[in-house]
Amino acid sequence: MKKLLLSALLLVALLFAACSARQPQMREETGQLAFTAEGASLGVVDYQQLVALDSYLRQVEIHSAGEGYSVHQYRGARLRDVIALLDASLLEQYAAVTAIGADDYLAAIGVDEVLMENNAFVMWEDNGEPILTKDGEPYGMRLVLLDDSYAMRYTKYLIEIQFLTAEQL
């Protein structure tokens, strides 16, 4: 009986630990976009560096099940240009990137999509207004993929770009 009770308590403890590990952890938006690969930091691009890049104004029509149809005028820089601030060869070394939001939202993007001329952007403005952080600060960043009309892989509170090898996919 003691073994059964001990086993049950151990199972409950393991389940609790597993569930706790899956809870999203809100990370702070600091006006910086971190770049990582294989657990190591590759560098950071801050908001001022981002807005100093060549900017593009793009009209996006979003068809959302929850919010219906909306039109946005986003301003931002191509993701590939943001990555080039650190090292353009990163796009040759890795197979994909994962965009990570402060709310732990993840969006996987193939390097081929990043390299497209008119697809992957880090936006800082929406309809002429700064994109806000989760806390309402005016240095928010959003990953927008123009070929995703349902906005399924848009990352609202963008804080990190993680590079992935083909083996990690």
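Modeller: Happy to! The largest cavity holds about 30 Å³ of space, in what is a predicted model. A search of the whole structure turns up 1 cavity of 30 Å³ or more. Its lining is made of Glu29, Thr30, Gly31 and Gln32, together with Tyr139, Gly140 and Met141, and finally Leu158 and Ile159. Sorted by class, that lining has 4 nonpolar, 4 polar and 1 charged residues.

The open counterpart is the largest pocket, with a volume of about 370 Å³. Two elements, β3 (56–64) and β4 (68–78), each give two or more residues to the lining of this pocket. β4 gives the most, with 4 residues. In total 17 residues line the largest pocket, and those nearest its centre are Ile62, Glu67, Ala151, Tyr154 and Lys156. The class count for the pocket lining is 7 nonpolar, 5 polar and 5 charged.

Of its 169 residues, 38% are buried. Among contacts with a separation of 6 or more, 62% are between residues 24 or more positions apart. The accessible surface is about 9,800 Å², and carbon and sulfur atoms account for 55% of that.

Start with asparagine 119, which sits in the loop between α5 (111–115) and β7 (120–126). Asparagine 119 counts as buried because its relative accessibility is 1%, and the cut-off for buried is under 20%. What does its side chain reach? A polar atom of the side chain of asparagine 119 lies 3.3 Å from the backbone oxygen of glutamate 113. The asparagine 119 side chain also reaches the backbone nitrogen of aspartate 147, at 3.0 Å. Both partners return in the contact list: beyond neighbours within four places in sequence, asparagine 119 touches Glu113, Val144, Leu145, Leu146 and Asp147.

Asparagine 127 lies in the loop between β7 and β8 (129–130). With a relative accessibility of 44%, asparagine 127 counts as partly exposed, whereas asparagine 119 is buried at 1%. The side chain of asparagine 127 makes a polar contact of 3.4 Å with the side chain of aspartate 126. Setting aside neighbours within four places in sequence, asparagine 127 is in contact with Val71, His72 and Gln73. Those numbers fall within β4 (68–78), the strand that gives the most residues to the lining of the largest pocket. There is also a C-alpha separation of 9.7 Å between asparagine 127 and leucine 57, which are 70 residues apart along the chain.

The last stop is alanine 102, in the loop between β5 (96–101) and β6 (106–110). Is alanine 102 buried or exposed? Alanine 102 is buried, because its relative accessible area is 1%. Its C-alpha atom is 9.0 Å from that of threonine 133, a residue 31 positions away along the chain.

Note on methods:
Residues are numbered from 1 along each chain as its sequence is written. This is a predicted model: local features need pLDDT of at least 70, side-chain atom pairs count only at pLDDT 80 or more; totals for chains, interfaces and linings use all residues. Side-chain values use heavy atoms; hydrogens and water are left out. Buried means under 20% relative accessible area, exposed over 50%, partly exposed in between (1.4 Å probe, protein chains only). Contact means heavy atoms within 4.5 Å. Accessible areas come from the Shrake-Rupley method with a 1.4 Å probe; for residues, only the protein chains shown count as cover. On a 1 Å grid over the protein atoms alone, a cavity is a set of points where a 1.4 Å probe fits but cannot get out, and a pocket is an open set with protein on both sides within 12 Å along at least five of seven lines; lining residues have an atom within 4 Å of a point. Grid points are joined across faces, edges and corners, and a volume is the space filled by probe spheres set on the points. Ala, Val, Leu, Ile, Met, Phe, Trp, Tyr, Cys and Pro count as nonpolar, Asp, Glu, Lys and Arg as charged, and the others, Gly among them, as polar. A polar contact is a pair of N or O atoms within 3.5 Å; within protein, one must be able to donate a hydrogen and the other to accept it, and residues adjacent in sequence count only if both atoms are side-chain atoms.
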